[in-house]
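Have a look at the model first, then read on.

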4 protein chains.
Amino acid sequence: MSGSSFGTHFKITTWGESHGMGVGAVIDGCPAGLALCEADIQAYLNRRKPGQSKFSTPRKEDDAVQIQSGIFEGRTTGTPISMAVYNKNQRSADYSEIASYYRPGHADYTFDCKYGFRDYRGGGRSSARETIGRVAAGAVAAKLLETAGIGFLSYVRSIGPVEISPEHFDADEIGRNPLYMPDAKAAAKAQEYLQDCMKAQNSSGGIVECIITGVPAGIGEPVFDKLDAQLAKAVFSIGAVKGFEIGDGFDAARATGQENNDAFYYNENGVLCKKTNHAGGILGGISDGSDILLRAAFKPTPSISAVQETVNKNGENITVRVKGRHDPVIVPRAAVVVEAMAALTLADLMLADMGARAGSFADFYRR
Amino acid sequence: MSGSSFGTHFKITTWGESHGMGVGAVIDGCPAGLALCEADIQAYLNRRKPGQSKFSTPRKEDDAVQIQSGIFEGRTTGTPISMAVYNKNQRSADYSEIASYYRPGHADYTFDCKYGFRDYRGGGRSSARETIGRVAAGAVAAKLLETAGIGFLSYVRSIGPVEISPEHFDADEIGRNPLYMPDAKAAAKAQEYLQDCMKAQNSSGGIVECIITGVPAGIGEPVFDKLDAQLAKAVFSIGAVKGFEIGDGFDAARATGQENNDAFYYNENGVLCKKTNHAGGILGGISDGSDILLRAAFKPTPSISAVQETVNKNGENITVRVKGRHDPVIVPRAAVVVEAMAALTLADLMLADMGARAGSFADFYRR
Amino acid sequence: MSGSSFGTHFKITTWGESHGMGVGAVIDGCPAGLALCEADIQAYLNRRKPGQSKFSTPRKEDDAVQIQSGIFEGRTTGTPISMAVYNKNQRSADYSEIASYYRPGHADYTFDCKYGFRDYRGGGRSSARETIGRVAAGAVAAKLLETAGIGFLSYVRSIGPVEISPEHFDADEIGRNPLYMPDAKAAAKAQEYLQDCMKAQNSSGGIVECIITGVPAGIGEPVFDKLDAQLAKAVFSIGAVKGFEIGDGFDAARATGQENNDAFYYNENGVLCKKTNHAGGILGGISDGSDILLRAAFKPTPSISAVQETVNKNGENITVRVKGRHDPVIVPRAAVVVEAMAALTLADLMLADMGARAGSFADFYRR
Amino acid sequence: MSGSSFGTHFKITTWGESHGMGVGAVIDGCPAGLALCEADIQAYLNRRKPGQSKFSTPRKEDDAVQIQSGIFEGRTTGTPISMAVYNKNQRSADYSEIASYYRPGHADYTFDCKYGFRDYRGGGRSSARETIGRVAAGAVAAKLLETAGIGFLSYVRSIGPVEISPEHFDADEIGRNPLYMPDAKAAAKAQEYLQDCMKAQNSSGGIVECIITGVPAGIGEPVFDKLDAQLAKAVFSIGAVKGFEIGDGFDAARATGQENNDAFYYNENGVLCKKTNHAGGILGGISDGSDILLRAAFKPTPSISAVQETVNKNGENITVRVKGRHDPVIVPRAAVVVEAMAALTLADLMLADMGARAGSFADFYRR
């Protein structure tokens with residue numbers, strides 16, 4: 001199992017390399033009858049498309065998706081949905097130099113250890129272009145979840161040392177700045193910070209935050225397939241993620257039980273609510289009906305043009321400058337990838353849950 | 001799928017409730033020929049056994065493991081290894097009160113949402129006793145990994161606001177204090193902090209850290225089943241975990257590429273090494289041969305005897321004091337659970353890796 | 001993965017050996033709220049219990065099942081159901097002889113090839129006692145299916161050359177003769193045949209047939225997880241099965257399309273029906289609402305006391321007589337095992353199907 | 001899970017419909033370093049290509065395969081191999097008639113029951129074109145198995161009542177007649193029989209046989225994932241299969257133990273052999289080193305142009321003639337599909353087996 005499939009019920013398999021023919025995804029298990037067209041998916045892909053600001057690689061790609069199966073008369077048929085995005089701009093660069101050494105912070109060395117050799121052109125399968133398959137499939141999952149009233153809000157929480165401020169949080173601002181930050185002031189500061197990074201031939205890390213609304217209580221499987229565990233795996237499988245949190249995350253480790261426990265109460269309509277949401281919407285691995293809040297820490301882009309020490313395959317210690325078209329920061333384009341992975345996880349666990357509830361089996365088949 | 005299985009190649013399935021007959025685990029896929037006896041497993045279980053200090057629940061349990069299958073003449077046969085720990089001390093308490101309301105911070109409410117009803121005695125399947133199955137199975141995985149030269153060092157990094165200091169790090173100290181901290185001073189301070197918590201009918205969170213040594217480069221499957229993603233899921237599936245990090249974790253999000261990239265070099269013996277280990281031993285989801293470093297944030301024990309607001313099933317807002325035998329902090333006993341989950345993850349991915357490498361298939365079968 | 005798990009949604013894992021402590025099964029994924037007690041399971045186990053006629057091994061075992069988890073107040077909780085049957089009669093025989101050679105028709109040699117050594121006492125994991133776990137779990141699946149109106153009729157269709165006759169088919173007769181044949185005359189003839197076999201220190205094969213009633217149309221997943229493909233795997237995984245058929249089976253290969261196609265029609269109530277059922281209730285891998293008809297061919301019991309040629313581990317060609325307590329024919333006790341595997345397959349695919357239908361996802365969560 | 005994936009370690013996912021854009025397969029888990037090009041796959045696809053004789057549909061398709069990922073410099077990289085075959089000849093026929101009724105013997109009705117609607121053009125996903133993905137992936141599995149010395153011989157054993165005769169068996173004859181029968185006389189008779197069928201607007205069933213040589217002893221997982229059980233599922237998942245046998249199959253049910261047991265002996269070179277092979281190369285679900293022999297019964301092509309009774313969606317009983325381009329018999333083209341499924345099964349179980357053996361784990365990682 002080389003790990004290119006995700007999910008059990010809403011299952012996707014992705015394929016493709018940065019400088020091969022293209023990248024794609026096959027979804028197996030999407031329920032029949034969902035209205036779906038290429039534009040639904042393209043809208044998601046456009047959010048991760050390169051070349052949209054000076055903080056993104058200038059590689060020009062339309063990233064136009066083609067649906068190749070599983071749709072009939074505008075609706076899903078319940079059979080596999082194959083989607084492909086063919087590469088346009090596989091620069092016929094000379095990769096012989098990059099083939100000869102291991103870039104620091106990249107997977108060059110570990111791929112060679114595992115497989116004995118690698119497709120070194122542009123990172124091959126470990127390139128960020130691999131995430132196109134995730135986003136295309138995630139768009140379908142999100143469309144499915146929308147039919148059950150579930151929505152997503154994803155944005156950049158911090159870039160390097162610059163963090164958004166809760167007081168200035170403005171969801172409408174997210175689409176207005178190139179860094180997808182919900183705080184205009186922080187976005188301005190972060191742009192300055194990034195300009196300095198670029199001048200110094202350096203790069204920056206950052207944090208993506210995602211809020212999921214409308215998830216019914218009861219989603220997630222106890223023990224190993226907890227909702228938070230599956231979200232952790234889903235998000236951590238995105239290249240460059242080094243940390244993951246639900247709700248208060250690491251702050252919870254510094255808190256006391258009296259501070260951290262969320263009190264339940266019935267509101268005036270008799271609906272069970274929580275006074276706070278330190279738990280981030282998940283108790284015992286199962287959704288509690290509150291908003292789900294998750295956070296992912298991305299390391300700085302490892303491709304930098306400053307001089308770095310490394311080794312080549314001839315057994316020599318050398319210094320290199322990594323050439324190529326690189327993002328000085330990945331998080332603005334990564335926000336939609338985090339959202340896609342969250343959508344895929346939820347779709348999978350909601351389909352899993354349908355068989356778990358008392359009486360549902362008989363009810364469903366006897367109706 | 002109710003999620004009580006973990007792993008694909010080294011696969012475990014756990015069962016059991018806090019106040020039922022017992023808890024257990026079945027391992028399927030352990031290679032044949034491994035020397036294994038109950039004492040190997042008991043040593044791990046003893047590290048999580050309750051009642052060993054004043055900072056642990058006084059519930060008295062031997063937690064004696066019984067191997068029920070899969071061993072012949074002291075070695076594994078390659079067939080399923082069934083292990084059980086029968087409960088001794090299922091206090092015949094009156095649980096009718098606890099059945100009537102939802103404890104804040106617990107899974108009572110979400111289990112009811114999902115299943116329609118729940119085994120409310122002591123938390124049922126969402127009790128910390130569920131981790132016995134993980135630890136028993138993890139002990140077997142660790143024994144298998146030991147044959148390939150892999151070792152684990154797990155300890156408590158912080159309790160509430162009290163963190164160990166890198167300068168005072170002393171691995172030998174871990175077993176000497178009841179909090180499993182590798183820093184005697186920090187351990188003393190943390191004990192004071194916990195005493196105060198207990199007086200205030202309160203509880204504390206904390207952080208567990210685990211270092212894995214001897215992992216060969218090349219372990220982990222690219223894309224969705226990255227080694228870090230699988231570790232994230234494994235550790236996040238432990239109840240009360242709210243955050244997870246590899247290497248520098250969230251600090252990497254605040255760093256630059258020049259700071260965060262680990263330079264490669266060949267040492268005097270021509271062995272490829274890294275000057276630093278910000279990556280925590282994993283690049284592109286695959287082990288790089290360095291130590292693997294992971295960290296898990298645990299929320300404070302939600303069971304506290306202070307008065308809390310909550311709701312009952314009659315639709316009323318009420319206040320409660322949660323009675324029972326509870327740990328004021330879970331992390332000292334959780335360290336071995338984190339280690340067990342890490343061992344299970346590695347065993348699974350190493351078995352997966354055996355078929356991935358160039359030539360391995362033909363080599364194996366043409367021998 | 002050593003293959004001791006079956007199913008994805010209604011998933012079971014079995015463990016145990018013939019002469020070890022016992023055998024058992026863990027069910028994960030049984031919906032919550034199903035009324036279930038040990039007597040439900042015992043009724044199934046009693047149908048495969050040894051020692052009930054002269055055509056069955058005289059090994060004395062109560063095969064009393066113990067439910068160890070997953071039930072609360074008489075109903076399933078949705079969490080794993082662990083069941084165990086402890087061995088009573090592990091005769092302290094001397095197995096050193098059997099350890100030294102490979103019994104013809106048994107798995108002794110192949111287990112040694114695979115694992116390097118084996119638990120040779122009574123066949124270890126490849127003993128027929130392994131099927132206890134299947135039957136215990138199948139009893140739970142059957143109870144679940146019963147809530148949706150699904151029933152099973154399983155019986156022996158032939159023993160050696162003696163086959164039941166369609167004209168004399170009498171379902172009530174099945175429980176009246178020790179061979180579970182629905183035809184008194186054939187049963188009498190088969191008993192004579194078996195007496196002759198036993199005198200000649202020989203054994204006999206036979207065929208089990210199973211009719212499943214009440215399955216709604218639409219169950220089974222297209223392509224690889226067709227209902228018939230999953231049934232084939234399920235039944236072929238029972239030791240000694242060498243052939244499997246659905247509907248007309250091999251006879252269909254000799255028929256023409258005009259003979260084999262089942263004509264559809266609407267009956268007087270407007271219900272869609274089929275004039276014939278050559279297809280055995282499955283079209284394109286999906287149930288069509290007719291009875292499902294399957295058939296399994298079992299080879300003769302390989303353990304016979306007549307002299308046989310074989311080899312020992314010292315590299316010598318030898319002759320042996322296999323001692324021990326053996327069934328001259330396995331099919332009467334195997335009928336319930338076939339039924340159990342069919343029930344497990346259906347439960348799994350029905351849970352899988354719940355998410356597949358148009359609109360069901362949104363309907364289910366919006367209701 | 002809608003069941004379009006097969007295998008755990010050598011895992012494939014197929015997609016596509018008869019009259020959509022095309023069909024394809026993604027392989028995940030193929031070991032790195034295998035020499036592979038499109039011609040390797042095309043050779044297999046050509047064996048199932050339509051229009052090669054008068055006994056095959058005249059639909060004209062090149063079935064030219066395109067590899068879209070996973071190969072670098074002529075070798076597999078260990079990452080997903082995506083392959084596509086685009087449809088050329090999606091006749092712009094008027095399908096409105098076929099949309100209105102259910103063809104007898106087809107999956108039209110069951111797809112509608114399951115999904116609520118279907119892609120009715122040419123059978124959609126239940127068309128025989130779906131097998132292109134299986135054959136393309138099976139070609140890769142076969143190439144991998146070849147590196148371990150494993151080969152396949154697949155042919156048509158019978159068509160309707162015409163069966164090959166063991167005395168006239170001639171493997172070289174298989175490629176010489178359009179029916180892929182290893183017996184020239186039987187092939188001639190079968191052609192006459194088919195001519196008569198075609199005149200009568202009728203169709204015929206048949207049996208495919210496959211011999212697998214060179215499989216090492218020890219492949220297959222005990223209990224549920226036995227080699228024969230996995231082969232049964234693999235082959236039964238091919239549309240139109242109604243029966244499956246290993247070795248003597250149903251004949252074993254009529255035999256005695258003395259007849260059926262295969263005696264072991266050491267040959268003059270001290271190699272363990274069997275005097276006969278009634279078992280078909282599998283004992284206890286694990287390969288024994290002999291040839292593996294399997295057989296699949298295919299029902300007659302359900303599409304016939306003779307008048308048939310059926311129903312339409314308006315609730316009316318009607319008669320129809322199924323138009324279109326149909327094979328009067330499917331087995332000649334199905335032989336390579338059976339072989340492909342057998343190759344996929346073996347590749348998957350051999351990768352699973354690599355981690356099962358005593359000492360293999362430590363040996364592999366301590367090298």
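## Salt bridges and polar contacts

In this predicted model, C:K275 forms a salt bridge with D:E309, and their closest N and O atoms are 2.8 Å apart. To count as a salt bridge, a side-chain nitrogen of Lys or Arg has to be within 4 Å of a carboxyl oxygen of Asp or Glu. Between chain C and chain D the count is 8 salt bridges.

There are also 49 residue pairs in polar contact across this interface, with both residues at pLDDT 80 or more. A polar contact is a pair of N or O atoms within 3.5 Å; within protein, one must be able to donate a hydrogen and the other to accept it, and residues adjacent in sequence count only if both atoms are side-chain atoms.

## The C and D interface

The contact (heavy atoms within 4.5 Å) takes 109 residues from chain C and 110 residues from chain D. About 8500 Å² is buried between chain C and chain D, and carbon and sulfur atoms give 61% of that. Buried area here is the accessible area (1.4 Å probe) that two parts lose on being put together, summed over both. On the chain C side, C:K114, C:F224 and C:K242 lose the most area to chain D, together 11% of what that side buries.

Strand 11 (residues 241-246) of chain C pairs with strand 11 (residues 241-246) of chain D in the antiparallel sense, over 3 bridges. Strands are DSSP runs (E, at least two residues), numbered from the N terminus, and two strands pair if DSSP finds at least two bridges between them.

Now zoom out: 10 strands form an open sheet with antiparallel pairing, in the order 9(C)-8(C)-10(C)-16(C)-11(C)-11(D)-16(D)-10(D)-8(D)-9(D). Strand 9 (162-163) of chain C and strand 9 (162-163) of chain D stand at the edges with a single partner strand each, so one side of each has no neighbour in the sheet. In chain D, strand 8 (residues 151-159) and strand 9 run antiparallel and are joined by 2 bridges, and D:S158 has D:E163 as its bridge partner.

## How the values were made

Residues are numbered from 1 along each chain as its sequence is written, and chains are lettered from A and ligands numbered from 1 in the order in which they are written. Local features need pLDDT of at least 70 and side-chain atom pairs count only at pLDDT 80 or more, while totals for chains, interfaces and linings use all residues; side-chain values use heavy atoms, leaving out hydrogens and water.

Definitions and conventions. Helix = DSSP H or I, 4+ residues; strand = E, 2+ residues; numbered from the N terminus.
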